[in-house]
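Thanks for coming. Please have a look at the model on the screen, and then I will go through a few parts of it.

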Amino acid sequence: MSMLVGFNSSLTGMKAAQSQLEIISNNIANVDTQGYTRKTAGQNSLVLAGSSAGVVMGNTQRTVNQGLLKSYLSSNAIANTAAAKSDYLSQIQMDLGTPESENSIATNVSDLQSAINSFALDVTSASGRYTLLTNATTLTNRLNSLSSSIQQLRGDADLKISADVKTINETLDRIDDLNDKIIKYKVLGYDGVPDLEDQRDECLRELSGYIDITYFERESGEMVIQTKEGIMLLDRDPHYLSHTAITQASPISGYSDGAITGIYVDGEDITNSIVDGEIKGLIEVRDSSLTSLQSQLDELAAVMTDKINEAHNRGTAYPNTPDELTGSREFIDPANQHIQIQNGDVRLTIFDSSGKQVATGALIGDMGFAADGDTVENMVAAINNWLTSPTGANLPQAEASINSNGQVYIYSGDSNYTLSIMDEASSTVGSTPQDVVVNFNVAGPDAAGQIHYDRSFTGFSNFLGLNNFFSTNRNENIYDSKVLSTNANLGVREKITLNFSVSGNMNMGQINIYPTDSLQDIVNKINANPNLNQDIRASLVPNGSGYMLRINNMTGTQMEINEVPDATGNTSGFIERIGLEPSDIGLSSSISVREDLQVNPGLIAAGLPEYDQSAGVYQLNAASNQIANDMSQVFADTHDFKQAGSIASTVSTLATYASSFVGTIASSVNDAENTLMYQSELTQSIANKEAEISGVDIDEELSQLIIYQKSYAASAQSFTAAKEMLDILLGMMQ
């Protein structure tokens, strides 16, 4: 009996040593295999009838530290967030320029300032005009290009999100398949479970690069995966992500207003619940970093456009004085919309080709426009009557009208006669040049027939946009409020009513706002109003530390918003209080130097008509430079800039403001790169520590190989000896 026990002990020892050698060989063979962990197996004594009968192999085990694995997954997700941000922000920084570079947008602004300063010193210089035009065109082209690059990158980021979602779903499928195999192999007692678990862990590592995850294992060996916010990604079956990429991003397309779709799981939008991973970095780039820069470019373009146009509209070019002027403002109902001129009068002067006065008249004092205001249509009619009347300019072919786009058009009717519009302190000939204030009634008379002026503008020509330097495609179809918190006190003490008007429909629809209403309530009311929701959409748009109320006429046409006066004829000032006004969104993408100025720089206004006291007439002087000085002063003065993304509202010069957002992007790139460097080193450090614990050490495996080779040899010798003894015993029994 003892001989058979020895025989069996030797045989089981050989089998155990052989199994250990196979495990060691497999470890050595996979020393360079990504994700492979060192495998070991214990040996247990085999006891039969209370006596030792050899050894038996235990289950093969992986050498894995689950705590380190979870640390790796978390660190890897953070690193990939930073990597995505660093990649995209670095790309836009290359276009934007660094603070110290000579090709930054801030340098372009400074170059235009220098060109205008030089032009103001000698407005008769043709080369000075061309330099001014060249630098202005360079700046506007740069703004256009930067805006285009921002939107291209936003679109690319959204496409990458869509690709990442697809990869995540494919990875979840692989893990699900591995789950099924692991459960099956464990139940049936098949070999290979540890290798399958290695593959599953490798899938986890890949998954963590795209989205933050955490996991746990059930007793069956099945793995359950969810995000850090508890969104289930895999539980017996995959919970697939879905996202539809936007076809083309634009400044007005955003996630907050639904133009960019969210990332969904089981019909639930999880976009704002994603904490880390490449997708999180892409979301931040798409919806925060790049939109912040877009709004800063738009704010720069808006302030520069408004201030330069305001100055340029005061002036008149000579000797290339125009014989026709077309406004940029679009009136939706000029027969009912009213304007009122205050703080002076508006003078229209006709000159001959030599710059001598042919006729001059004041809008109120000579043309009969009502001092207390009248319709836009009647204002244009008054100008037309003066132009064509024998007692006025006596130009029978002249015309003042409103074109099909709702814009004011003034034409002398003869190229030998040119036009100049100038604001003065009074209707008296020779009064001091001074901007008038134009009050504008946007929605016509109220129910009682009373006129209430809703908005005010500086300068008559500037209000109409008759002599702009910069042109844009802005037509006031989008309105933004100032930045507010979602629970901001809107200062509503009793019901107020907002009225919405578009071309052909001065009362398109109305909403009532009550003291308890929030910004979101206003959004909901606009979007639920059946008279508005076909064309007009409202949303809350993130901006810096708060949100803007955005109201968008989706048709792209002019829209007017006004507060309906109460029974006493007064309004609460709600629109002014929340800062609701035409938006500058996307302005940098369309700004350009006015087309006819590009063709003929001689049309750039440099001066004003000068009044000859002795002769009692106005005349044009090619050396007059008041307007050139005004435009130069725009760059020297500080201006109010609204909050735009990460830059709070501020008072600054144009060049300083441009430098500030160039510096902001540079700082963001530096922060992302530093975070990436730190997290990459941390992730690698965790991976190295995992490798120390879980990886295969060739020297250790070789030493174990020698031990089990000797163990196998010893068991084999014992087996041979037992066999020989058994053979002798059997021979003796024959």
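I start with a definition: buried means under 20% relative accessible area, exposed means over 50%, and partly exposed lies in between, with a 1.4 Å probe and protein chains only. This is a predicted model, where local features need pLDDT of at least 70, side-chain atom pairs count only at pLDDT 80 or more, and totals for chains, interfaces and linings use all residues. Residues are numbered from 1 along each chain as its sequence is written, and side-chain values use heavy atoms, with hydrogens and water left out.

Is arginine 347 buried or exposed? Its relative accessibility is 1%, so arginine 347 counts as buried. Arginine 347 sits in strand S12, residues 345-351. Helices (H or I, at least four residues) and strands (E, at least two) are DSSP runs, numbered from the N terminus.

The side chain of arginine 347 has a polar contact, at 3.0 Å, with the side chain of threonine 360. A polar contact is a pair of N or O atoms within 3.5 Å; within protein, one must be able to donate a hydrogen and the other to accept it, and residues adjacent in sequence count only if both atoms are side-chain atoms. Leaving out residues up to four places away in sequence, arginine 347 touches a list of residues including Asp366, Glu424 and Tyr618. Contact here means heavy atoms within 4.5 Å.

Now the whole chain. The protein chain has 15 helices and 32 strands. Of its 734 residues, 49% count as buried. Among contacts in the chain with a separation of 6 or more, 68% are between residues 24 or more positions apart.

Next, a helix pair. The axes of H6 (residues 278-312) and H13 (residues 626-636) come within 8 Å and cross at roughly 160°. Axes are lines fitted to C-alpha atoms, for helices over the stretch in contact, and angles run from 0 to 180 degrees between N-to-C directions. H6 and H13 are therefore roughly antiparallel to each other. Angles under 35 degrees count as roughly parallel, over 145 as roughly antiparallel, 65 to 115 as roughly perpendicular and the rest as oblique. On the H6 side, Met304, Lys307, Ile308, Ala311 and His312 make the contact, and on the H13 side, Ile627, Asp630, Met631, Val634 and Phe635.

The last pair is H2 (residues 66-96) and H4 (residues 126-188), whose axes come within 10 Å and cross at roughly 170°. H2 and H4 are therefore also roughly antiparallel to each other.
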